[in-house]
Amino acid sequence: MARRDGGPRRRHEVLTVIELIEVSKFFNAGKANQFIAVDGLSCAIGRGEVTILKGPSGSGKTTLLTLIGCMARPTSGRILLHGIGKECLAGCAVGDTVEITSLPERFLTSIRRSAFGFIFQHFNLVRGITVLENVMLPAYPTGESLHEVRRRALDLLETFSISRHAGARIEQLSGGEMQRVAIARALINDPVMIIADEPTAHLDSKLSIEFMEIVAGLKTAGKSVLIASHDPIVYDAALADAVIEMRDGRLVGGGTRP
Amino acid sequence: MNRCIERHRNILDFALSSLLRRKGKNLSLLSVYTLIVFIIASIVFFTQALKREAALVLDGAPDLVVQRMVAGRHDPIPIAYRERIAAIRGVSEVRPRFWGYYYEAVTGANFTLVASNDGQPSVKSVFIGSGVARNSSLTEGDFLPLRDVKGTPVLFTVGKVFPSASELVAADLIQMREDDFRTLFDFPTGRATDLTVSIRNKGEVKTIAAKIAQQFPDTRPILKSEMLRTYDSVFDWRGGMVIVILSVAVLSFIIFAWDKATGLSAEERKEIGILKSIGWETGDVLRMKSFEGVVISLTAYLAGVSLAYAHVFFFSASLFEHTLKGWSVLYPQFRLAPVVDPYLFCVLFFLTVGPYIVATIVPSWLAATVDPDAAMRS
Amino acid sequence: MILHPAILALLLGSLLISLMMLYAGWYGARILNAWDLRSGSELQLELEKRTYLISTLVSYALAFELISLFLFIFTADRLHPLFTGAMCAAGTLNANGYGYPLLLLKMANFLLAGVWLMVNHVDNRGHDYPLIRIKYTMLLAIAPLSLYEIYYLYRYFSGLHADVITSCCGSLFSLERPGIAGDLASLPSTPMLIVFYTVIAATLFSGAYYYREGRGGYLFSALGCAAFVTGIASIVSFISLYIYELPTHHCPFDILQKEYGYIGYPLYASLFGAGVAALSVGVLTPFRTRGSMAQIIPAFTRRLTAIALILYLLFTLIASCEIVFSSFRMGA
């Protein structure tokens with residue numbers, strides 16, 4: 001892993017938000033078609049930074065994202081969340097370190113819902129319901145009153161200049177507009193970190209640059225951002241604070257930008 | 001607590017919208033389900049209503065009826081027994097009854113003939129039930145020919161037609177004077193069809209019946225309570241039989257429901273994957289699927305039960321008419337009194353909603369445990 | 001006898017309950033066998049998914065059992081004209097030797113399923129599933145009872161013959177008759193009244209103490225269970241007398257009828273609810289030091305205690321109102 005400014009890596013506990021220690025993820029373990037997606041990977045993601053995950057398809061980027069984003073459990077290793085700023089486990093104070101390695105699903109989900117916002121490669125918006133409902137969806141299980149959630153959703157749509165589409169169905173939107181709805185949805189629960197998987201894969205250069213501008217806005221707002229991408233517009237952007245390169249489920253060390 | 005309720009409300013919201021988004025599939029499921037509930041509910045209501053009617057009718061029945069048995073078959077009873085029975089302590093009154101069946105070859109109908117001077121039928125005049133009137137197209141003043149034991153036609157005049165409100169009891173009834181009855185059937189003198197006994201203290205019915213049976217070993221006393229019980233059993237038994245036969249239909253429906261529930265379309269699977277990836281737990285998705293199942297069940301249940309209620313109580317179970325009509329030519333046209341009984345609704349619930357909910361638990365769970373990271377890769 | 005629609009419904013209901021409980025028990029056994037929270041293996045993830053299914057199955061089984069319990073009593077009541085000597089459900093239940101045991105079994109199944117769901121709820125709130133083994137061992141013990149229930153149900157209904165002379169509540173719950181029903185009824189009413197109010201008062205005090213101080217959970221639970229049993233005995237022994245306004249009518253089932261304003265429902269509902277809550281407190285208290293349970297169990301048992309207290313209070317209130325406003329006076 002390299003820092004943009006070329007300086008020595010110094011990590012303080014308080015600056016790290018996510019730490020992975022020797023994490024592995026196997027699929028179909030023990031069977032003939034056993035597949036090792038992530039192999040003994042250790043790294044740390046910085047708080048308030050934009051981190052890029054770079055690597056060809058099949059390198060395990062997506063799997064790593066699911067592990068970090070509390071969507072899957074590692075087969076071995078440990079994952080720690082430092083001070084994610086949300087009360088989520090009984091008895092844990094807001095600034096504590098939480099180990100999510102062997103948390104049962106309902107706790108993982110509860111953390112994911114409140115601390116992470118996801119932007120998927122294919123946007124993954126629900127067809128057949130309106131844009132507004134799509135944005136509100138992640139807040140349904142939190143038990144918040146829908147009235148409150150609707151207000152926040154409308155604010156977000158306003159921020160991304162798509163309020164006029166609030167009542168429209170997803171099918172009627174353009175690619176760029178769908179992208180912004182996806183970002184709004186990711187922000188509905190005010191997460192600590194945004195995780196994006198190949199966000200620019202279906203966007204042209206102009207929209208890709210717009211996307212990076214939105215990311216800049218998120219960083220200014222204090223959010224941490226983790227983006228997996230093999231798009232140079234993303235990983236070569238000046239905005240990126242750190243780049244993690246992967247191949248075959250392992251880190252490829254070194255490689256600073258000239 | 002509040003959050004819990006809100007959470008359930010939100011999920012219910014989404015479940016409803018989800019159901020409405022897949023109208024085709026859910027409507028077909030709903031229609032079949034409603035039909036099943038309708039049929040079973042109709043049977044249950046029908047049986048219950050008939051039981052009630054029978055109970056009401058039997059309410060006016062005599063406490064005890066004494067019949068004579070010869071070689072195990074019913075035989076007219078000597079009227080002379082009357083005095084000795086009336087002498088038993090606790091008996092307030094003993095009256096002979098004259099009645100029988102008359103088979104009319106022309107229409108194939110069986111009439112019940114009763115000899116009674118109530119309402120004062122005149123000589124060779126009969127009061128007939130509305131079913132008889134319909135069957136033979138008779139009104140007041142018409143002639144009704146009946147054959148006596150020698151085959152000679154005896155002409156009777158219709159003096160009165162019983163009102164249709166009495167259909168259930170009197171549809172096939174023909175009432176005539178006692179002497180006309182005796183002449184028609186060449187009824188043995190000094191005999192009656194049976195004797196009715198009125199008893200002062202209802203608690204003593206069994207003891208008096210026992211005494212009668214002891215004094216007159218050739219008789220069979222029939223208690224009103226026994227009659228009620230028998231009717232109840234028969235109705236219940238018949239109702240139950242039909243339900244068992246219908247169980248085949250219910251089973252097919254359950255298999256159909258199971259199939260629909262397990263067959264998640266790719267679209268649905270993707271949607272669940274999305275929900276889970278944006279922060280819905282397995283528990284939430286399971287709850288949503290359960291709500292879907294409950295909404296469909298309850299809708300089908302309410303619709304089916306309402307339709308059955310209307311069918312049985314406003315349309316006199318006309319759909320069953322064709323099945324039951326084969327048993328008798330004179331099918332009474334009646335309006336059954338509505339019966340609203342929470343007990344029945346419980347029974348119906350178990351028979352219809354229960355199996356559906358159980359059948360859809362595992363498919364709902366299978367749907368809810370779709371891995372969220374599958375959604376990332378799609 | 002079996003072909004009565006309501007009996008078919010009961011049999012079907014019992015069958016469904018058994019199916020669900022056995023399925024749950026089977027998977028519970030598998031979980032007991034292979035559970036390892038630390039491992040991220042696919043088997044473990046699969047097992048974790050199964051726990052959702054098991055919870056759902058037992059929840060539905062509980063709901064069905066409750067409805068089935070009421071349906072059973074209703075049916076027994078509706079069938080009473082078919083048996084000479086039976087005037088209400090009590091008579092029907094007494095028609096053969098399986099009736100009352102079946103009722104007790106159904107009540108027990110309901111209570112046990114309720115307690116299990118409480119344990120399950122608490123376990124799920126802990127991020128280290130500390131009670132998982134206990135939970136599923138309990139389930140393995142409870143699940144076969146549902147099979148037992150079907151057996152008894154079948155034996156009871158197939159053994160019912162319409163002309164059997166049975167006893168009605170008048171003689172069943174009468175003072176001379178030996179047997180538990182008679183014993184309950186023959187408990188002298190005034191001392192029983194004193195016992196009832198004493199036990200309830202003790203329960204309320206110990207519950208309030210536990211609620212405030214967090215100590216004495218076992219005592220409260222024991223008293224709560226005693227209150228449950230006393231409550232049922234009291235209904236038979238003297239509360240029913242005031243409701244029926246007759247010195248000899250002890251039947252516990254007729255109070256569910258329309259003639260008495262359906263007063264039986266709130267009485268039994270509050271009693272059973274309180275019983276489940278009090279029993280659960282006793283079952284959960286030993287585990288309050290395990291892992292994450294330290295944060296969860298104490299708060300939960302306090303809430304359960306509050307619920308039990310409110311329900312017992314409600315029960316006492318209703319019973320007392322019936323006693324005070326009844327025109328029946330004992331020993332007058």
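## Sheet of chain A

In this predicted model, chain A holds an open sheet of four strands in the order S3-S2-S5-S6, with antiparallel pairing. Strands pair if DSSP finds at least two bridges between them; helices (H or I, at least four residues) and strands (E, at least two) are DSSP runs, numbered from the N terminus. Strand S3 (35–46) and strand S6 (97–99) of chain A are at the edges with a single partner strand each, so one side of each has no neighbour in the sheet. Direction ignored, neighbouring strands of this sheet are turned by 15° against each other on average. Axes here are lines fitted to C-alpha atoms, for helices over the stretch in contact, and angles run from 0 to 180 degrees between N-to-C directions.

Strand S2 (residues 16–27) and strand S5 (residues 76–82) of chain A pair in the antiparallel sense over five bridges. Glu19(A) has Leu80(A) as its bridge partner in S5(A). Helix H1 (residues 61–68) of chain A packs on the sheet and touches S2, S3 and S5 of chain A; the direction of this helix makes about 60° with that of S3(A).

## Numbering and confidence

Residues are numbered from 1 along each chain as its sequence is written, and chains are lettered from A and ligands numbered from 1 in the order in which they are written. Because the model is predicted, local features need pLDDT of at least 70 and side-chain atom pairs count only at pLDDT 80 or more, while totals for chains, interfaces and linings use all residues.

## Helix H2 of chain A

Helix H2 (residues 105–115) of chain A has 10 of its 11 residues buried, so it is largely enclosed by the rest of the structure. A residue is buried if 20 or more other C-beta atoms lie within 10 Å of its own, with C-beta atoms placed from the backbone. Among the buried residues of H2(A) are Phe107(A), Leu108(A), Ile111(A), Arg112(A) and Arg113(A). The buried residues pack against strand S7 (116–119) and strand S8 (193–197) of chain A, helix H10 (282–313) of chain B and H2 of chain C.

## Contacts between chains

Between chain A and chain C, 14 residues of chain A are in contact with 14 residues of chain C; contact means that the C-beta atoms of two residues, placed from the backbone, lie within 7 Å. H2(A) gives the largest share of the chain A side, three residues. That side has seven nonpolar, four polar and three charged residues. Ala, Val, Leu, Ile, Met, Phe, Trp, Tyr, Cys and Pro count as nonpolar, Asp, Glu, Lys and Arg as charged, and the others, Gly among them, as polar.

Between chain C and chain B, 26 residues of chain C are in contact with 29 residues of chain B. Helix H1 (5–34) and H2 of chain C each supply at least two residues of the chain C side, and H2(C) has the largest share, 12 residues. The chain C side divides into 21 nonpolar, three polar and two charged residues.

## Domains of chains B and C

Domain bounds come from an automatic or database domain assignment. For chain C this gives domain 1 (1–165) and domain 2 (173–332), with 23 Å between their centres over C-alpha atoms. In chain C, 17 residues of domain 1 are in contact with 19 residues of domain 2. Helix H2 (42–78), helix H3 (89–93) and helix H4 (99–125) of chain C each supply at least two residues of the domain 1 side, and H4(C) has the largest share, seven residues.

Chain B is assigned domain 1 (2–58 + 230–377) and domain 2 (77–192). The C-alpha centres of these two domains of chain B lie 49 Å apart.

Technical notes: Buried ≥ 20, exposed ≤ 12 C-beta atoms within 10 Å, placed from the backbone.
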